[in-house]
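Q: I'm new to this one and would like a close look at a single part of it. Could you walk me through the nonpolar patch on the surface and then what surrounds it?

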Amino acid sequence: MKNDHSSNDLESTTLGWKFVAIVAGITAVFFTFLYLAMSVEPDYMPNREPKATMQPAATVPMDHTSAE
């Protein structure tokens, strides 16, 4: 009996490599989003101070020596 590669073996090998390529692509996308989510500091956390604090508006001092 010869040990020939049949078309079924070749087809299953091709499907196997396609499956590996698809899983690798999905994994890469998942880890990219995970990396971005963990590397960016969130601004919406309630216990954190905002990075850019607003400067108070310049106020004109009131003259308290006005005559009544």
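A: Here is a walk through that patch, with the rest of the chain as background. Keep in mind that this is a predicted model. The patch is made up of Trp 17, Phe 19, Val 20 and Val 23. Together these residues have about 450 Å² of accessible area.

Let's zoom in on Val 23. Its relative accessible area is 37%, and because that falls between the 20% and 50% cut-offs, Val 23 counts as partly exposed. Val 23 is found in helix 1, which covers residues 7-39. The chain has one helix and zero strands.

Now for the wider setting. Of the chain's 68 residues, 0% count as buried. The chain exposes about 7,400 Å², and carbon and sulfur atoms supply 65% of that area.

One more thing to look at is the aromatic rings. Searching the whole structure turns up one aromatic pair. Its partners are Phe 30 and Phe 31, with 5.4 Å from centre to centre and 70 degrees between the planes. That pair is edge-to-face, because its angle is over 60 degrees. Phe 31 has a relative accessibility of 48%, so this residue, like Val 23, counts as partly exposed.

Definitions and conventions: Residues numbered from 1 in each chain as written. Predicted model: local features only at pLDDT ≥ 70, side-chain atom pairs only at ≥ 80, totals over all residues. Heavy atoms only, no water. Patch = residues over 30% accessible without salt bridge, like charges linked within 9 Å, V, L, I, M, F, W, Y side chains within 5 Å. Areas by Shrake-Rupley, 256 points an atom, 1.4 Å probe, with all protein chains shown as cover. Salt bridge = Lys/Arg side-chain N within 4 Å of Asp/Glu carboxyl O. Helix = DSSP H or I, 4+ residues; strand = E, 2+ residues; numbered from the N terminus. Buried < 20%, exposed > 50% of the residue type's maximum accessible area, 1.4 Å probe, protein only. Phe/Tyr/Trp six-rings, centres within 6.5 Å; stacked < 30°, edge-to-face > 60°.
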